[in-house]
Amino acid sequence: MARKAKAKAKSRPRSRTESRPKARARPKARAPRISAATPRAAAPPRRGQDLLARLNQGGVICAEGYVFELERRGYLQAGAFVPEVLFDHPEVVEQLHMDFVHAGSDVTEALTYYVHREKLRVIGREKDLVPMNKAALGIAKRVARRTGTLFAGDLCNTNIYDPADAASQREVERIFAEQVGWAEDAGVDYFVAETFSWGAEALMALAAIRKHSKVPAVITMAMHRENSTREGWSPVEVCQRLEAAGADVVGINCHRGPATIMPMMRDIRAAVACHVAALPVPYRTTPAQPSFMSLTDPCCQDARAFPVGLDPFVCTRQEIFDFGQEAYALGIHYLGVCCGAGPHHIRALAESLGRKPPASRYSVDMSKHAFFGNTERIKKIQTDYRAKL
Ligand SMILES: [Zn+2]
């Protein structure tokens, strides 16, 4: 009830066309720079521009965390977290995309997270690399075009980046180049490169996007317990470096819940001119245990909760609603929820921006509840019993 009342009171705090001051201050020179960098002049002119236009006008919501949700639904194994479901049950992936769009996602992101060469090598399926990437891109594109959502490609942490090993860096470069190539061939509207804990690896992903594509790049870092990248750059420093290297949107995704991502987001928003992205995990992280991998459950002998014991820490719809309002009020326009997100979280995020996605038809309304309702059809014998429930 509280959330609904708040949503009504605060819905549309500003018109969708009213930009935040930071967004207005965004350098106009960015678009020509992207065009100049492209080797593919034949791409349709609208590709990619939609994301930036939407960000300038208001919020863009991007549902992420597909592998966690597929694990919960029984179609993906926790551990390796490789979405073999793309081959086993492509219809489940398509339905998941549809569920998130129904809940308010503006983006359908190809499920190529952990479908890179290194991960497939780990599970002994490297031969499936190309068809699995193409399957993910094909499913997402179909949903995006059917629903009018943005079609995003996805690059992610390779888990082999080593600053002291030139051979590993060459392999990282190869992984990014080939995944950018397949996504570019599929016609993505923009790229997400996400969940990097090495700043240098994120810069390599950005360089691959800039080299092989001209569409926008959203680059997001993931911070573990420490408020720094693994090479020791602060969240602000890494985002400034990414912006300087040509990222269109910079920010943080995954690992941190709303409570421990927001302090970083405030600093980043104040330090860069480009658009900023915030995609926390929907878990109640704390200053003592700031990442979802560090959470321990006192009900289970303080065992590590990650990855399949996180249920007691899941954020409520209200908490995600509050996160959305707080982040947007700061001028953070690219918003999402990462690993652990369900469609109900994405709906709450959409409603925090004053929107009513199709799933809002079913948002909570307790007025007709058997005991807590307040319509005349709820009998007094029921409402009188409330205190005993
Ligand atoms: Zn995540």
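**Note on the predicted model**

1. The accessible surface of the protein comes to about 16600 Å², and carbon and sulfur atoms account for 54% of that area. The model is a predicted one, and the points below should be read with that in mind.

2. Overall make-up. The protein has 389 residues, of which 56% are buried. Its secondary structure consists of 16 helices and 10 strands. Taking contacts between residues at least 6 apart in sequence, 76% join residues at least 24 apart.

3. Cys338 has a relative accessible area of 2%, so it is classed as buried. Cys339 is also classed as buried, because its relative accessibility is 10% and the cut-off is under 20%.

4. Largest pocket. The space in the largest pocket is about 420 Å³. Its lining is made up of 24 residues, and those closest to the pocket centre are Tyr114, Asn157, Asn159, His255 and Met293. Sorted by class, this lining has 14 nonpolar, 8 polar and 2 charged residues.

5. Cavities. How many cavities of 30 Å³ or more does a search of the whole structure find? The search returns 2. The lining of the largest cavity divides into 8 nonpolar, 2 polar and 3 charged residues.

6. Ile139. This residue sits in helix α9, which spans residues 129–147. Is Ile139 buried or exposed? Its relative accessibility is 4%, so Ile139 counts as buried. Leaving aside residues up to four places away in sequence, Ile139 touches Leu86, Pro90, Val93, Glu94 and His97. With His97, the separation is 42 residues in sequence and 8.7 Å in space, C-alpha to C-alpha.

7. Backbone geometry to check. Most residues other than glycine have a negative phi, and most peptide bonds are trans.

   - The peptide bond between Phe306 and Pro307 is cis, with omega about -5°. Pro307 lies in the loop between β9 (303–304) and α14 (317–329).
   - Phe81, which is not a glycine, has a positive phi of about 60°. Phe81 is in the loop between α5 and α6 (85–88). At 8% relative accessibility, Phe81 is classed as buried.
   - Asp302 is not a glycine either, and its phi is positive, at about 55°. The loop that holds Asp302 runs between β8 (296–297) and β9. Asp302 has a relative accessible area of 48% and is therefore partly exposed; the class of exposed residues begins over 50%.

Note on methods: Residues numbered from 1 in each chain as written. Predicted model: local features only at pLDDT ≥ 70, side-chain atom pairs only at ≥ 80, totals over all residues. Heavy atoms only, no water. Buried < 20%, exposed > 50% of the residue type's maximum accessible area, 1.4 Å probe, protein only. 1 Å grid on protein atoms, 1.4 Å probe; cavity = no way out; pocket = protein on both sides within 12 Å on 5 of 7 lines; lining within 4 Å. Points joined across faces, edges and corners; volume = space filled by probe spheres on them. Nonpolar A, V, L, I, M, F, W, Y, C, P; charged D, E, K, R; others polar. Helix = DSSP H or I, 4+ residues; strand = E, 2+ residues; numbered from the N terminus. Contact = heavy atoms within 4.5 Å. Areas by Shrake-Rupley, 256 points an atom, 1.4 Å probe, with all protein chains shown as cover.
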